[in-house]
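Subject: Structure handover

Hello,

Here is the structure for your files. My notes on what was found in it come after.

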Amino acid sequence: MQPGLGLPSKKTNREHLIYIFSLFDNTTDGYTPRIHVLRTWNPTLSLCNSVSLCGDILVVADSRDRAAAVNVHSPENGAVVLESTTVSEHPQMVRKSRS
Amino acid sequence: MSRLKTLWIALCTAYVTAQGIPFPNGDWVNQMSAPELEITTREALDRDHRLRSGSQRDGYVPKGRTNWQANPSSAISEILFVPDPAGHEGRCIVTVSKGIWCLISLWDIQALGRESEATQPKPKTIDSWGPKGTIFGAIAVNSDPRSGASAAVAVTLGG
């Protein structure tokens with residue numbers, strides 16, 4: 001078979017994003033449940049296998065032992081990216097990164 | 001011997017996590033001391049016993065119980081309770097299904113527990129979200145209901 005005559009090569013262009021939601025609309029009748037995408041954030045990691053959300057701080061981690069933390073209201077201001085399996089024991093590995 | 005942390009890790013793995021009994025994740029186990037791990041393991045086993053017992057005396061009696069089909073084509077992989085900003089307890093839950101088409105659904109369970117089991121109303125779906133061609137990773141619901149960001153999900157586009 002000549003090159004290029006088989007199945008077309010499928011170029012994968014995967015993008016890993018974090019979607020941040022609001023689950024309630026604040027209306028005059030009170031809080032109405034509804035799924036609403038507030039914003040997306042690209043933490044420049046692989047697919048995250050851990051997501052934690054506490055107040056305004058979002059922390060994600062991927063399978064390569066990398067983690068990133070960001071303020072959910074201003075993710076464009078940059079994230080703190082941590083690279084270690086035991087982050088708390090290696091604070092010197094913390095670096096700032098613009099995402 | 002019961003002071004050995006390795007013993008409690010082995011017991012916890014065999015009798016708690018391997019049985020699917022809810023337990024804090026692996027990182028917590030590493031951080032706990034042997035006595036803390038023993039207490040947490042005993043509490044997890046006791047809670048599981050009470051949930052399964054159904055006894056009025058020493059068991060946990062469910063507030064409400066109903067069966068419904070949350071997704072006809074994919075299994076539900078996660079169920080998360082959503083804290084309500086208005087302070088209502090147990091008003092909504094989120095279900096996540098990770099089939100060919102991943103979907104997040106928001107359910108109203110407010111009416112559960114108000115009727116007898118025979119006339120228990122089904123939860124109502126409020127909204128669903130799942131763009132075509134996406135794969136979901138981890139999901140989290142905000143523990144602080146006052147935050148405008150209620151939930152976050154890791155998504156792969158073009159997967």
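The contact in this predicted model involves 31 residues from chain A and 36 residues from chain B. Together the two chains bury about 2700 Å², and carbon and sulfur atoms account for 68% of that. Between chain B and chain A the count of salt bridges is 0. Polar contacts do occur across the interface: 13 residue pairs, with both residues at pLDDT 80 or more.

On chain B, the side that touches chain A draws at least two residues from each of strand 2 (92-98), strand 3 (102-108), strand 4 (124-129), strand 5 (134-141) and strand 6 (151-157). Strand 6 of chain B gives the most, with 7 residues. Sorted by class, this side of chain B has 22 nonpolar, 10 polar and 4 charged residues.

Strand 6 of chain B also pairs with strand 1 (residues 15-27) of chain A; the pairing is antiparallel and runs over 7 bridges. Within strand 6 of chain B, Val153(B) is the residue opposite Tyr19(A).

A word on confidence. Chain A has a mean pLDDT of 71, with 63% of its residues at 70 or more. Residues 1-9 of chain A have pLDDT below 50, and this stretch has 1 contact in the model beyond near neighbours in sequence. Residues 85-99 of chain A also stay under 50, with 24 contacts beyond four places in sequence. Where pLDDT is low, predicted coordinates should not be read in detail.

Regards

Definitions and conventions. Residues are numbered from 1 along each chain as its sequence is written. Chains are lettered from A and ligands numbered from 1 in the order in which they are written. This is a predicted model: local features need pLDDT of at least 70, side-chain atom pairs count only at pLDDT 80 or more; totals for chains, interfaces and linings use all residues. Side-chain values use heavy atoms; hydrogens and water are left out. Contact means heavy atoms within 4.5 Å. Buried area is the accessible area (1.4 Å probe) that two parts lose on being put together, summed over both. A salt bridge is a side-chain nitrogen of Lys or Arg within 4 Å of a carboxyl oxygen of Asp or Glu. A polar contact is a pair of N or O atoms within 3.5 Å; within protein, one must be able to donate a hydrogen and the other to accept it, and residues adjacent in sequence count only if both atoms are side-chain atoms. Helices (H or I, at least four residues) and strands (E, at least two) are DSSP runs, numbered from the N terminus. Ala, Val, Leu, Ile, Met, Phe, Trp, Tyr, Cys and Pro count as nonpolar, Asp, Glu, Lys and Arg as charged, and the others, Gly among them, as polar. Two strands pair if DSSP finds at least two bridges between them. pLDDT is the predictor's confidence in each residue, from 0 to 100.
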